[in-house]
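Hi everyone, thanks for coming. Let me put the sequence and the structure up on the screen before I start talking.

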Amino acid sequence: MRIAAGILAGVAFTALAAAGVAQTAPADRKAIEAAFDRHISSADQLAWLKDMSSEPNHVGSPHDKANAEATLAKFKQWGWDAHIETFHVLYPTPISTKVEMVAPEKIVLGGQEPPIPGDDTSSRTADALPPYVAFQGDGDVTADLVYVNYGMPEDYQALARRGIDVKGKIVIARYGVGWRGLKPKLAQDHGAIGCIIYSDPADDGYAQSAAYPAGGARPAGSVQRGSVADMPLYPGDPLTPGIGATPEAKRLTREEAPTILKIPVLPMSYGDAQKLLARLGGPVAPPRWRGALPLTYHVGGNGGVSVHLAVKSNWKLTPVYDVIAMLKGARYPDQWVIRGNHHDGWVFGASDPLSGNVAMLSEAKALGELYRTGWRPARTIVYTSWDAEEPMLLGSTEWAEQHADELKQKGVIYINTDGNGRGTLQVQGSHPYQRLVNAVAADVTDPETGATVAARARADVLAGAFDHATDHPDPTALAAAEKGADLPLGALGSGSDYSAYIQHLGLPALNIGFGGEDESGGVYHSIYDSFHHMTTFDDPGLKYGAALSKVVGRLVLRVADADLPVQRYGDFADTVGVYLGEVKKLAADRRTEDEKRDRLIRDGAFRLASDPLKPVGAPAPEAMTPQFDFAALDGAVDTLKHAAAAFDTALAARGASLSQAQRDRLDLQLRDIDQLLLDERGLPGRPWYKHLIYAPGRFTGYGAKTLPGVREAIEERRFDDARDYVGRTAKVLRAYAARLDQARATVEGK
C-alpha cells in the first residue's frame with residue numbers, strides 16, 4: 001500500500017544524525033519513523049503503568065491528580081510546551097449505598113469487592129469508592145423485584161405480552177446488548193422506582209473463560225461500575241451542555257439537567273445477583289433471557305422477592321485536570337493534529353485507560369526526542385491526557401466545548417486510544433483516512449507473529465469466515481480481505497473521548513487499539529483491572545503497548561508532515577453508499593415485517609400459538625412503515641462518488657507536480673471539509689449531536705448508528721423525521737461533494 005507522493009517533502013530535518021540517522025533533505029519518512037521507533041520502550045510503559053495504577057485513580061482522588069501532574073512533568077521533560085487546564089464539573093460520589101433482600105428473607109448484599117490473592121492492589125481499597133454508578137438519582141426505595149433480561153425496549157415489549165408491569169417495582173437487568181445507562185433510563189420510563197444492573201456469567205464471567213485469578217474472566221464478587229447518565233442526549237458535564245465547565249459558566253440546576261436519572265441505581269456482582277434470582281418466582285423467563293447462573297430464571301412480578309435499595313450521594317463540583325501539550329508546527333502552526341487518551345479510572349484502571357495512556361506517553365517521549373535532535377513537524381502536534389472520561393467524557397468534552405471555535409478553525413484530526421490489549425488492530429473512524437490506516441498497519445510488525453499488523457488483521461478476517469465456533473466477520477471486511485484490498489474502518493459511536501470532536505465539532509477522528517486475545521473485559525470497571533491482571537492476561541510485557549505506539553505515532557507523523565492530502569475520499573463515498581443500502585433495506589424489511597405482524601394478528605395466530613396455561617399476548621399494533629422516497633439521497637451519494645473518484649484520480653496523477661501555492665490552497669480547502677457533514681439543528685431530540693453520518697444510537701449508547709437521522713427515525717417509527725433527514729443528509733453530502741470539486745479544480749490548475 002502506498003500513500004500520496006511527497007508526503008514529507010520540504011519538512012526540515014537537520015539533526016537526526018545525532019539519533020543515528022543520516023541527514024536528508026527532503027526528509028526521508030522511513031528514517032524518521034525508524035528513529036521514532038528506537039525511542040519506544042515496553043519497559044518504560046511497564047514502569048509508568050505500575051506507578052499510575054498503584055492506588056485508586058477515580059476522579060477527584062489524590063492519585064488521579066498526582067498522575068496528571070506526573071504526566072505534565074514528563075511532557076515538559078521531553079521538550080513539550082505543556083500545561084494543565086482545569087474544569088469544574090458535577091461529579092457525584094456515594095455517601096452511602098445499600099441493597100438488601102427483605103423478603104422472603106433478609107440478606108444484605110453489595111459492599112466493596114473482596115481482595116484476590118496474588119493481586120497486590122486488590123487489597124488497597126481503603127481510599128476507593130464502593131461499587132456504584134454515576135449520575136443515577138438518589139433515593140431510598142423498597143419494592144418487589146422484576147427480572148427484565150437486558151432491559152432493552154424489546155424486553156419490555158415481551159413483559160407486556162405476558163401481562164407483567166414494572167410500575168412501582170425495582171428491576172434487575174443484566175449487563176450486555178445495550179449501553180449501561182439505557183437500562184435504568186428505560187426502567188424509569190416504564191415506571192420502575194429503582195434498578196439493579198448485574199454481570200451475568202453468560203456474558204461476563206466463567207461462561208467466557210476461567211474466572212480470575214485462574215483466568216482473566218470476571219469472578220463472582222466483581223462489580224462493573226460506570227456512568228448511567230443519559231449520554232445519548234449529550235456527554236460532558238450535565239450542568240453545562242454546549243459550554244466549558246469553567247468556574248464562571250452558567251449552570252443548570254441538578255433538577256434541570258436532563259441527563260441525570262431520577263431513580264436510584266446500583267451495580268451488582270453475579271455472586272449477589274444469584275441470591276436474588278434464585279428466590280424469584282413468577283413465570284419462567286423466555287429461553288433467550290436465561291443466563292449461565294445455576295438456577296431457573298424467573299421473571300418475578302408476583303411479590304416473591306422484595307428488595308430495599310438506597311443511594312445517597314455528594315453532588316459536588318469537582319476539579320478535573322486535562323494535561324495539554326504541544327509541539328509547534330514549522331509550516332502550519334495553526335493546524336493541529338490532536339491525539340488523546342484519558343488517565344482517570346474507576347479504581348486502579350490499569351487496562352482502562354492506563355494501558356493506552358502509557359502507550360501515548362511513549363509516543364510523546366519519542367516525538368520529544370525527534371524534536372530535540374532538530375526535526376520539526378509541519379503542523380502543530382497536540383497531545384492530551386484527559387481527566388474524568390469515565391463518568392461521562394467530562395474532561396475531553398469540556399475542553400472541546402471551551403475551545404470550540406479555535407478547534408473548528410485549527411483542528412485537522414483527533415486520534416484517540418482508550419486502553420489496549422493483545423490481538424489484532426481494531427480501528428474505527430472517519431473513512432477518508434481508511435487508506436492511511438491500512439498503509440501504516442502494513443509498516444508495523446505484530447510483536448508475536450512477526451507478520452505485519454495489516455497481514456495479521458487480514459488473516460484474522462479470512463480465517464474467521466471458516467471458523468464455525470466464532471462469529472463470522474463483517475461481509476464488507478471479508479470481501480476486502482479476499483480481494484487484498486484495504487480493510488474497512490468501523491464507524492464511531494460513543495463511549496470514549498473522540499465523541500465531542502467528530503460528532504459535535506465535525507473534526508475527523510480515529511479510535512485505535514489492539515484486542516481480541518486479551519481478557520480485559522473480564523475485569524472491566526472493577527478493582528481487578530490491575531497491573532497484575534493487565535500484565536498476566538491482557539498484554540504480558542506490554543508488547544502490544546509498544547505496537548500501539550508505533551501505529552499511532554506513524555499516523556500522527558504522517559498527518560502532521562503531509563505535504564499532500566493523505567485522505568482517499570473514494571473510501572468515504574463508497575462507505576456512505578453501503579450505509580444508504582442498509583437504510584433502504586431496513587425500511588423494506590420493516591415494511592414486510594409490519595405486514596406479516598398485522599396479518600398474524602388478524603388471523604389470530606398469536607392467540608392460537610400461546611400456551612393457555614402460560615399465555616403470551618399478541619404484539620401491540622404499530623404504525624405501518626410507509627414507502628420512502630430516497631431519490632434525494634440516491635442522487636447525493638452518486639454525486640459524492642463521482643466527485644470523490646475525480647478528486648482521487650486527479651491527485652494521483654498530478655499531486656507530485658503541484659506548486660507550493662496549489663498545495664497550500666488544497667490544504668485549506670480540505671482541512672475543514674468534514675465540518676460540512678454537520679447540521680446545526682442536530683439530530684431529532686438531541687441537538688448536541690450534529691454529525692449526519694455517524695452518531696451513537698439512542699438505544700445503543702456506545703454502538704454507532706450511521707446515517708442516524710434517517711436510520712433511527714425509521715427504527716423508532718418517526719416517519720416524518722425520516723423524510724426530513726433524507727433531505728438534510730442529502731444536503732450535507734452535496735456540500736461535501738462540491739468542496740471536493742473545488743479541490744479537484746485546484747489540483748488541475750483551474
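Predicted model: local features only at pLDDT ≥ 70, side-chain atom pairs only at ≥ 80, totals over all residues.

Residues are numbered from 1 along each chain as its sequence is written, and side-chain values use heavy atoms, with hydrogens and water left out.

So, the overall picture. The protein contains 22 helices and 16 strands; these are DSSP runs, H or I of at least four residues for helices and E of at least two for strands, numbered from the N terminus. Its C-alpha trace spans about 80 × 60 × 55 Å along the principal axes. Of the 750 residues, 60% are buried, meaning under 20% relative accessible area with a 1.4 Å probe, protein chains only.

Now to helix H3, residues 62–77. Its 16 residues reach 22 Å from first C-alpha to last, close to the 22 Å expected at 1.5 Å a residue (that is 1.5 Å times one less than the number of residues).

Which residues of H3 are buried? They are His63, Asp64, Asn67, Ala68, Thr71, Leu72, Lys74 and Phe75. As a reminder, an α-helix has 3.6 residues a turn, so residues three or four places apart point the same way.

And what do the buried residues of H3 pack against? Their partners are helices H2 (42–52) and H7 (350–372), plus strands E1 (81–103), E9 (306–327) and E11 (379–386). After H3 comes Gly79, with a positive phi near 95°.

Conventions: Buried < 20%, exposed > 50% of the residue type's maximum accessible area, 1.4 Å probe, protein only. Contact = heavy atoms within 4.5 Å.
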